[in-house]
Amino acid sequence: DTKLSNDIQFVTANSTTGYFANVGDTERRGFEGGIGGKYNKLFLGANYGYVDARYKSAWSSLNGDVVSGNKIPGIPNQTLKIRAAYDVTSKLLVGTNLILVSGQYAHGDEVNQQIKVPGYGVMNLDVRYKLNDELSLFALAKY
């Protein structure tokens, strides 16, 4: 539970520019939990987060009047992260993670009048090769 006074938010002016503005009070309430473990050479883990981020003060944006209770744009309510990794050898690890994010209001829609941006998922594949105790090579591919 986080409550901020005189919060500074990035406010979108148009499709290419914006500015920072003091927007009064804001609140973010939520929780996060995770579980993970390793069995032999396989690691599996999952994390879930929920946040309800809202303006708690009324203020005027370029797109209209924001009222207390409007959701803060750009902050999804739910996020799920799933990770799997395998130690091929003592020096080589391959892994993947899946990130799923719920819908959210787009930046610039502080008044919450547009349809939410749909949720999305991202999958990452990674490889790490340990050269020695101090140095590793790492590669990441995003899909």
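Trainee: In which loop of this model does asparagine 6 lie?

Mentor: Asparagine 6 lies in the loop between E1 and E2. Please keep in mind throughout that the model is predicted.

Trainee: Why is asparagine 6 called exposed?

Mentor: The relative accessibility of asparagine 6 is 51%. A residue is exposed when its relative accessible area is over 50%, and asparagine 6 therefore counts as exposed.

Trainee: Which other asparagine has phi near 55°?

Mentor: Asparagine 40 has a positive phi near 55°. Asparagine 40 is placed in the loop between strand E4 (26-39) and E5.

Trainee: Why does asparagine 40 count as exposed?

Mentor: Its relative accessible area is 63%. The cut-off for exposed is over 50%, so asparagine 40 is exposed.

Trainee: Where does serine 5 lie, and what does serine 5 touch?

Mentor: Serine 5 is in the loop between strand E1 (2-4) and strand E2 (8-12). Not counting residues up to four places away in sequence, serine 5 touches Gly24 and Asp25.

Trainee: How do you know whether serine 5 is buried or exposed?

Mentor: The value for serine 5 is 60% relative accessibility. Buried would require under 20%, and exposed requires over 50%; serine 5 is therefore exposed.

Trainee: What makes lysine 116 partly exposed?

Mentor: Lysine 116 has 33% relative accessibility. Buried means under 20% and exposed means over 50%, with partly exposed in between, so lysine 116 counts as partly exposed. The residue belongs to the loop between E9 and E10.

Trainee: Which residues are in contact with lysine 116, leaving aside its neighbours within four places in sequence?

Mentor: They are Asn77, Gly103, Gln104 and Tyr105.

Trainee: How many cavities of 30 Å³ or more does the count give, and how much space lies in the largest?

Mentor: The count comes to 1 cavity of 30 Å³ or more. About 60 Å³ of space lies in the largest cavity. What makes it a cavity is that a 1.4 Å probe fits there but cannot get out.

Trainee: How do the residues of the lining divide?

Mentor: The lining has 6 nonpolar, 3 polar and 3 charged residues.

Trainee: Which residues form the largest nonpolar core?

Mentor: That core has 9 residues, namely Val11, Ala21, Val23, Ala53, Tyr55, Trp59, Val66, Ile72 and Val111. In soluble globular proteins, nonpolar side chains tend to be buried together.

Trainee: What makes a set of residues such a core?

Mentor: The residues must be buried and joined through side-chain atoms within 4.5 Å. Trp59 belongs to the core. Leaving aside its neighbours within four places in sequence, tryptophan 59 is in contact with Val11, Val23, Gly64, Asp65, Val66 and Glu110.

Trainee: Why is strand E5 said to pair with strand E8?

Mentor: Two strands pair if there are at least two bridges between them. E5 (residues 42-55) and E8 (residues 78-87) have 9 bridges and run antiparallel, so they meet that condition. Within this pairing, leucine 44 stands opposite alanine 84 in E8.

Trainee: What joins E8 to E9?

Mentor: There are 9 bridges between E8 and strand E9 (residues 92-101), and the two run antiparallel. A hairpin through 4 residues joins them. Leucine 80 has leucine 100 in E9 as its bridge partner.

Trainee: How do you know that E10 and E11 pair?

Mentor: The antiparallel strands E10 (residues 120-130) and E11 (residues 136-142) are joined by 7 bridges. At least two are required, so E10 and E11 pair. Their hairpin passes through 5 residues, and the bridge partner of tyrosine 129 is leucine 137 in E11.

Trainee: Why is glutamate 32 called exposed?

Mentor: Glutamate 32, in strand E4, has a relative accessible area of 66%. The cut-off is over 50%, so glutamate 32 is exposed. Leaving aside its neighbours within four places in sequence, glutamate 32 is in contact with Tyr48 and Gly49.

Technical notes: Residues are numbered from 1 along each chain as its sequence is written. This is a predicted model: local features need pLDDT of at least 70, side-chain atom pairs count only at pLDDT 80 or more; totals for chains, interfaces and linings use all residues. Side-chain values use heavy atoms; hydrogens and water are left out. On a 1 Å grid over the protein atoms alone, a cavity is a set of points where a 1.4 Å probe fits but cannot get out, and a pocket is an open set with protein on both sides within 12 Å along at least five of seven lines; lining residues have an atom within 4 Å of a point. Grid points are joined across faces, edges and corners, and a volume is the space filled by probe spheres set on the points. Ala, Val, Leu, Ile, Met, Phe, Trp, Tyr, Cys and Pro count as nonpolar, Asp, Glu, Lys and Arg as charged, and the others, Gly among them, as polar. Buried means under 20% relative accessible area, exposed over 50%, partly exposed in between (1.4 Å probe, protein chains only). Contact means heavy atoms within 4.5 Å.
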